[in-house]
Every structure is written in C-alpha cells, then in structure tokens.
Amino acid sequence: MYAVIDTQTGATLAMVDEPNYIKAGANGCYVAASREDAQGVSVNGGDVYGLVGREGIKGLGTVVVAQSDAGKMAMETAAQLDYIAMMADVDLDVLTAKAETEVDGDEQ
C-alpha cells in the first residue's frame, strides 16, 4: 500500500494499493503516466495533486507518495478500536456475535 501525504499539512489524503500517476497531456488533460514520468497523482476518484519536486502541473497541492505497511496500520486501528471500546465500556465480542447472527438471518 501507498500513503498519499499532503506536504503542507502532513495529513494522509489517501491510502491506495497502487498510485494512479498522471502527467499533463499535449491537449492539457491529465493522462496516465509511469512513476518516472509522473507530474502528479489522482486519488479518491479524481482528486489531483502534484508530486513534490516535479514540474508541469501548476496550482495544485503537492503530495509525497510513500510506501506503507498495511498490516501495521490495521493492527494500530484495531488497537485504537479496542481502546475506545474499553473506555466506552462496550464489549466488541458481543457486538460482533450479534452482527454475525443478523447476517446469517438468525436474529432473535
């Protein structure tokens, strides 16, 4: 996985399996590009950002595309959910079992 990170705020704008690298075409439209030729990336269904250190796409926010460990992120998210559940005194095992029962159509 790759994280698309805003260079101004440091916020992660998107997590993607593969970045959609783009460049400005001869007609001014954005076209697909290789990583080496890319001037920017398109994420979240069409949001376009320029790549830091690359020229050609003006007036957009700039981002860094960084490889990320999806497994680590999933574990961190699970730990955060466990903490929130503990603080709210919610038993996630009971909620999970109830959801599985409703999906199976055995709701009582």
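A polar contact is taken here as a pair of N or O atoms within 3.5 Å; within protein, one atom must be able to donate a hydrogen and the other to accept it, and residues adjacent in sequence count only if both atoms are side-chain atoms. The model is predicted, so that local features need pLDDT of at least 70 and side-chain atom pairs count only at pLDDT 80 or more, whereas totals for chains, interfaces and linings use all residues. Residues are numbered from 1 along each chain as its sequence is written, and side-chain values use heavy atoms, without hydrogens and water.

Asp6 belongs to strand S1 (residues 2-6); strands are DSSP runs (E, at least two residues) numbered from the N terminus. A polar atom of the Asp6 side chain lies 3.2 Å from the backbone nitrogen of Thr9. Asp6 is buried (under 20% relative accessible area, 1.4 Å probe, protein chains only). Asp6 has no salt bridge (a side-chain nitrogen of Lys or Arg within 4 Å of a carboxyl oxygen of Asp or Glu). The nearest side chain of opposite charge, that of Arg54, is 17 Å away.

The largest nonpolar core has twelve residues, among them Tyr2, Val4, Tyr21, Leu51 and Val63. Such a core is a set of buried Ala, Val, Leu, Ile, Met, Phe, Trp, Tyr and Cys residues joined through side-chain atoms within 4.5 Å. At least two core residues come from each of S1, strand S2 (12-16), S5 and S6.

Asn44 is placed in the loop between strand S5 (40-43) and strand S6 (47-51). Although not a glycine, Asn44 has a positive phi of about 55°. Most residues other than glycine have a negative phi.

Conventions: Helix = DSSP H or I, 4+ residues; strand = E, 2+ residues; numbered from the N terminus. Buried < 20%, exposed > 50% of the residue type's maximum accessible area, 1.4 Å probe, protein only. Lys, Arg positive; Asp, Glu negative; His and termini not counted.
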